[in-house]
Amino acid sequence: MSYLFYEKTKDPFQTTSDLLSRADPFRTLDRNTVIILKPNLVVSKPSSSGATTDPRIAEAVIICLKNSGFKNISIQEGSWIGDDTKKAFKICGYADISRKYNVPLYDLKDDAVIEKEFNNFKIKICKSVYECGYLINLPLIKGHCQTKITCALKNLKGCIPDSEKKRFHSEGLHKPIACLNGILKQNLIIADGFITDPDFEEGGNPVQMGIVAISDDPVMMDSFAAYKLGYIPEEIQYLKLAEEYGFGKFYTEEKYFFKKPEGSAVMSDIAGKFKIHEKNACSNCYANLVSALNRLKNENEKIEKEIFIGQSYQNEIFDGIGIGKCCGGMSESIPGCPPEAEDIYVMLKNRR
């Protein structure tokens with residue numbers, strides 16, 4: 001029987017410890033099991049930004065495991081394309097935890113890769129995560145500019161190489177995310193809803209939701225997260241697919257706990273002021289464009305030309321501004337894979 005418990009909190013460390021005591025998920029687990037903790041460190045920003053998992057949650061899990069006699073524990077992650085996982089470990093507080101508790105950190109960008117298949121969809125995944133005995137997923141409950149939300153199911157995208165991250169976007173994200181969860185099994189999920197950005201995966205608009213949740217069911221956790229962010233779970237395509245594939249059940253006890261504050265809808269606000277054409281853009285590239293355009297919007301700058309971004313525009317030629325390597329064929333373009341937000345901002349601001 002699947003479970004989901006959550007508590008409102010001002011202390012994510014203590015609340016995580018309390019939820020672990022309540023769920024008691026390790027009671028029958030062999031003490032020699034290889035255990036991996038997988039946080040969301042998609043970008044090198046502290047958890048106060050609303051972008052990454054609070055390190056106090058990971059610390060509480062490690063203490064619980066060590067007090068229970070487990071020794072083979074590591075923290076593993078692969079940040080998004082264009083960012084540095086090792087830098088994220090340091091900035092997000094995980095390097096300190098590693099030293100304090102003698103728990104190694106592994107950058108999955110350096111890991112060996114194997115290919116597996118689910119539902120006739122082949123995916124290259126990081127070997128160490130696939131072969132571990134027990135995967136503890138530590139996602140952040142937050143918004144996403146392309147999929148509306150990101151939590152347990154999508155957090156496993158950090159367990160694939162960068163080349164596959166790009167391909168996931170070219171395939172539309174939703175089916176690949178669902179199929180990935182048919183290959184990698186997450187045994188336990190502890191979701192950080194303490195400080196989150198309800199609209200944007202890169203953070204920058206942090207809101208203190210003040211929640212920590214625990215579950216053994218990724219579909220239940222993500223549907224819970226959807227409700228907390230003000231969405232109906234069926235609106236999230238990859239979540240609906242995961243439920244149809246039999247990976248879990250929807251959470252149904254509560255609805256619409258959280259409403260996004262007025263003016264937090266970054267994407268809809270920017271889309272109304274700039275002419276953006278997006279097809280299968282990688283998250284980092286798209287997020288950098290959004291960051292640059294948000295700065296320009298706040299400065300009352302106007303861009304009359306159409307803006308193109310995404311892998312589907314490779315080899316296309318239009319009279320417009322292309323963002324990144326994939327859109328280099330446009331009449332104007334900003335190079336990079338991905339281009340930095342500052343470079344996009346400077347080019348757009350200074351173009352005449």
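## A charge over a ring

Let's start with a pair of side chains: Arg-295 lies over the face of Tyr-345, at 3.6 Å from the ring centre. Keep in mind as you explore that this is a predicted model.

Now look for an open sheet built from four strands, ordered β12-β13-β14-β15 and paired in parallel. At its edges are β12 (276-278) and β15 (332-334), each of which pairs on one side only. From one strand to the next, the twist averages 20°.

You can follow the pairing of β12 in detail. Three bridges join this strand to β13 (residues 307-309), and the two run parallel. Ile-276 stands opposite Ile-307 in β13.

Two helices pack on this sheet. Helix α12 (residues 283-298) touches β12, β13 and β14 (321-323), and its direction makes about 155° with that of β13. Helix α13 (residues 341-350) touches β14 and β15, with its direction at about 150° to that of β15.

## Rings that meet

A pair of aromatic rings is described by the distance of the centres and the angle of the planes. The count for this model comes to 11 aromatic pairs. In one of them, the rings of Tyr-3 and Phe-5 have centres 5.3 Å apart and planes at 25°, so the pair is stacked. Tyr-3 counts as buried because its relative accessibility is 17%, under the 20% cut-off. Phe-5, in contrast, has a relative accessible area of 21% and is partly exposed.

How are the rings of Phe-26 and Tyr-134 arranged? Their centres are 5.8 Å apart and their planes at 70°, so this pair is edge-to-face. Phe-26 lies in the loop between α1 (12-23) and β2 (35-39), while Tyr-134 is in strand β7 (residues 134-138), so the pair ties together parts that are 108 residues apart in sequence. Both Phe-26 and Tyr-134 are buried. Elsewhere, Tyr-6, Phe-224 and Tyr-251 form one aromatic cluster.

## A buried aspartate

Finally, find Asp-107 in strand β4 (residues 105-107). Is Asp-107 buried or exposed? Its relative accessible area is 11%, so Asp-107 is buried.

The side chains of Asp-107 and Lys-86 are joined by a polar contact of 2.8 Å. Leaving aside residues up to four places away in sequence, Asp-107 touches Glu-77, Gly-78, Thr-85, Lys-86 and Phe-89.

Key: Residues are numbered from 1 along each chain as its sequence is written. This is a predicted model: local features need pLDDT of at least 70, side-chain atom pairs count only at pLDDT 80 or more; totals for chains, interfaces and linings use all residues. Side-chain values use heavy atoms; hydrogens and water are left out. Two strands pair if DSSP finds at least two bridges between them. Axes are lines fitted to C-alpha atoms, for helices over the stretch in contact, and angles run from 0 to 180 degrees between N-to-C directions. Contact means heavy atoms within 4.5 Å. Buried means under 20% relative accessible area, exposed over 50%, partly exposed in between (1.4 Å probe, protein chains only). A polar contact is a pair of N or O atoms within 3.5 Å; within protein, one must be able to donate a hydrogen and the other to accept it, and residues adjacent in sequence count only if both atoms are side-chain atoms. Rings of Phe, Tyr and Trp (its six-membered ring) pair if their centres lie within 6.5 Å; planes under 30 degrees apart count as stacked, over 60 as edge-to-face and the rest as tilted. A charge sits over a ring if NZ of Lys or CZ of Arg is within 6 Å of the ring centre and within 35 degrees of the ring normal.
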